[in-house]
Amino acid sequence: MAVRILLADDHPLTRSGIAEFVRREHTFQLVAEAEDGQRAWELIQELKPDVALLDIRMPGLDGVTVAQKVKASGLNTAIMMLTSYDAQQYVMASLRAGAKGFVLKTVSPKELTTAINTIAKGGLYLDPEVASVMGERDFEPDPLSVREREVLLLAAQGLSSKEVARRLFISERTVQTHLASIYDKLGSRNKTEALLLALKYGVVTLEELLEDD
């Protein structure tokens with residue numbers, strides 16, 4: 001089944017180029033385009049796409065605000081920021097708002113395809129260039145155990161706790177215990193934030209995070 005995609009960008013030329021790329025991919029279906037954040041939010045509610053590609057800076061509602069609204073509404077649309085801005089505050093704000101991906105507009109078509117497919121399956125995708133702007137460590141987290149790192153990396157692939165448990169031959173409750181410990185050590189509140197902070201603090205590398213199992 002094709003991944004249903006909504007695209008929002010206030011620059012017509014940029015939007016048309018990305019839209020053309022999406023239309024050429026036989027595994028994608030472009031369901032709508034929006035020229036601003038308010039229209040994007042309206043279309044997400046109406047069409048419930050699998051993935052929404054959002055620019056960060058748009059008239060009306062910005063991309064981060066749209067992501068927050070999607071998260072608060074409980075909709076299953078996966079948000080990916082497709083932007084020119086790679087400053088740390090944009091990355092942190094986007095992923096804390098619930099975005100599952102952050103990709104720069106300089107990304108290659110192949111990498112964009114991978115990014116969309118990854119977040120459509122529930123995983124997290126960060127542009128390799130984005131990892132380099134995560135900044136210096138502002139504190140030294142407690143080290144993760146070998147098992148906690150395994151749980152975290154599997155969670156990055158979009159696996160549920162039950163699937164992680166099956167993969168590691170442990171109980172689902174044990175997975176939840178490991179996740180709680182990971183959140184505590186990294187100072188995070190959820191899987192997405194834990195993955196982001198694990199990258200920032202060097203607990204895992206981007207290569208490990210994006211590595212095919």
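A: Leaving aside neighbours within four places in sequence, Leu 6 is in contact (heavy atoms within 4.5 Å) with Val 31, Ala 32, Ala 40, Leu 43, Ile 44, Pro 49, Val 51, Ala 52, Leu 53 and Leu 54. This is a predicted model, in which local features need pLDDT of at least 70 and side-chain atom pairs count only at pLDDT 80 or more, whereas totals for chains, interfaces and linings use all residues. Residues are numbered from 1 along each chain as its sequence is written, and side-chain values use heavy atoms, with hydrogens and water left out.

Leu 6 belongs to strand β1 (residues 3-8); strands (E, at least two residues) and helices (H or I, at least four) are DSSP runs numbered from the N terminus. With a relative accessibility of 0%, Leu 6 counts as buried, a class that means under 20% relative accessible area, against over 50% for exposed and partly exposed in between (1.4 Å probe, protein chains only). The C-alpha atoms of Leu 6 and Leu 47 are 8.8 Å apart in space, although 41 residues separate the two in sequence.

Leu 6 is also one of the residues with the most contacts inside the largest nonpolar core, together with Leu 54, Ile 79, Met 81 and Ile 182, and this core has 53 residues. Helix α10 (residues 191-200) contributes the largest share of this core, six residues. A separate core of 21 residues lies apart from it and includes Val 3, Leu 7, Val 103 and Ala 115. Such a core is a set of buried Ala, Val, Leu, Ile, Met, Phe, Trp, Tyr and Cys residues joined through side-chain atoms within 4.5 Å. Met 81, once neighbours within four places in sequence are set aside, is in contact with residues including Leu 54, Ile 56, Val 64, Ala 67, Phe 102 and Val 103.

The structure holds seven salt bridges, each being a side-chain nitrogen of Lys or Arg within 4 Å of a carboxyl oxygen of Asp or Glu. In one of them, Glu 33 pairs with Arg 15, and their closest N and O atoms are 3.3 Å apart. Glu 33 lies in strand β2 (residues 28-34) and Arg 15 in helix α1 (residues 12-24), so the pair ties together parts that are 18 residues apart in sequence. Arg 15 counts as buried at 15% relative accessibility, while Glu 33 is partly exposed at a relative accessible area of 30%.

Arg 39 and Glu 42 form another salt bridge, with the closest N and O atoms 3.2 Å apart; both residues sit in helix α2 (residues 37-47), three residues apart, which is about one turn of the helix. Arg 39 is partly exposed, at 33% relative accessible area, and Glu 42 counts as partly exposed at 34%.

Lys 185 and Glu 148 also form a salt bridge, their closest N and O atoms being 2.9 Å apart. This pair links distant parts of the chain, Lys 185 in helix α9 (residues 172-186) and Glu 148 in helix α7 (residues 146-156), 37 residues apart. Both Lys 185 and Glu 148 are buried.
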